[in-house]
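Start with the structure itself, then read on.

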Amino acid sequence: MYKILLRKDLVPKVHLFKIAAPAVAKKARPGQFIVIRIDERGERIPLTVADWNAEEGSVTIIFMEVGTTTHRLAQLRTGDSISDFIGPLGLPSHIEKFGTVVCVAGGFAVAPIMPIARALKQAGNTVITIMGARNKDLLFWEEELRRVSDQLIVTTDDGSYGRKGLVTEPLLELLKSDTKIERVIAIGPSIMMKFCSKTTEPFGVKTIVSLNPIMVDGTGMCGCCRVSVRGITKFACVDGPEFDGHQVDWDLLFARQCAYIDEEKMSFEQWQRKHRIS
Ligand code: FES
């Protein structure tokens, strides 16, 4: 069993768990993910690691309540345990000194961007981070991201904090500016990653995205996480999760992500009825 050492509610419906998982903490690298299962009958869900501490033997994950499993997870408290915590999985982010790198985080993807931005900074890059959310109440880890960035730009869709608008707007301005951008890392909802990739494509700036298709085993055996990159089938769990955003077949990704939407809805409604939650 894997004990929750700390639970913290960051913003409504987004929670941080620090989990005791020494073997995972020893090997985790930026960009990798874990698969968790609450109990032996639970669904397996992938979550990108937000932080880890090898000395303490802990791994930090951040998740948003979206379906049955994440709502169930949100019922747990500090001191509770989950049955499975598998990882680290996937290929780590490619970190080297590129020059100036723009990291773009949409919504709760601030969590996976954080260790990547930190590693890029430590490798000697100039890191410009853009973080965006629908509104002020959904923003978290602003100061943490500022600490690992040379420049931080915050956007909200409704203008309640930072710049009003989408993350692609400051991204486009940076691409048009005199600053030579060597690389963009965009993580967030698939639609955001698609449009970040579309924004950078005319400028020929390499753009890395972290894909989040449906996953089951997370080890390359079930085929659920297949995506098409440059027309070639790849498994996001072992060949990714990071890929060149200019080469991803986004329409296929969107279609596959929606494959079980009715079942997911049904499962969540049943869970709500059982627990009398509206
Ligand atoms: S999750 Fe099964 S092959 Fe990737």
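Angles between elements run from 0 to 180 degrees between N-to-C directions, with axes fitted to C-alpha atoms. The model is predicted.

**The sheet**

Seven strands form an open sheet in the order S11-S10-S9-S8-S12-S13-S16. Its pairing is mixed. Strands S11 (163–164) and S16 (242–244) are the edges, and each pairs on one side only.

Two of the pairings can be set side by side.

| Strands joined | Bridges | Direction | A residue pair across the strands |
|---|---|---|---|
| S8 and S9 | seven | parallel | Ala105 and Met131 |
| S10 and S11 | two | parallel | Thr155 and Arg163 |

Strand S10 covers residues 151–156. Its Thr155 stands opposite Arg163 of S11. In the other pairing, Met131 of S9 is the bridge partner of Ala105.

**Strand S8**

How many of the residues of S8 are buried? Seven of the seven are, so S8 is largely enclosed by the rest of the structure. Buried here means under 20% relative accessible area. Both faces of S8 are covered. One side presents Thr100, Val102, Val104 and Gly106. The other presents Val101, Cys103 and Ala105.

Lys121 belongs to H3. Is Lys121 buried or partly exposed? Its relative accessibility is 31%, so Lys121 counts as partly exposed. Beyond its neighbours within four places in sequence, Lys121 is in contact with Val127, Val148 and Asp150. Lys97 is 24 residues from Lys121 in sequence, yet their C-alpha atoms are 8.7 Å apart in space.

**Helices H5 and H6**

Two packed helices are described by the angle and the distance between their axes. For H5 (residues 168–176) and H6 (residues 190–200), the axes come within 10 Å and cross at roughly 20°. Angles under 35 degrees count as roughly parallel. H5 and H6 are therefore roughly parallel to each other. The crossing of H5 past H6 is right-handed.

Which residues make the contact? From H5 come Thr168, Leu171, Leu172 and Leu175. From H6 come Phe195, Cys196, Thr199 and Thr200. By class, five residues in this contact are nonpolar and three are polar. No charged residue takes part in the contact of H5 with H6.

Conventions
Residues are numbered from 1 along each chain as its sequence is written. This is a predicted model: local features need pLDDT of at least 70, side-chain atom pairs count only at pLDDT 80 or more; totals for chains, interfaces and linings use all residues. Side-chain values use heavy atoms; hydrogens and water are left out. Helices (H or I, at least four residues) and strands (E, at least two) are DSSP runs, numbered from the N terminus. Angles under 35 degrees count as roughly parallel, over 145 as roughly antiparallel, 65 to 115 as roughly perpendicular and the rest as oblique. A crossing is left-handed if the near helix is turned anticlockwise from the far one by less than a right angle, and right-handed if clockwise. Contact means heavy atoms within 4.5 Å. Ala, Val, Leu, Ile, Met, Phe, Trp, Tyr, Cys and Pro count as nonpolar, Asp, Glu, Lys and Arg as charged, and the others, Gly among them, as polar. Two strands pair if DSSP finds at least two bridges between them. Buried means under 20% relative accessible area, exposed over 50%, partly exposed in between (1.4 Å probe, protein chains only).
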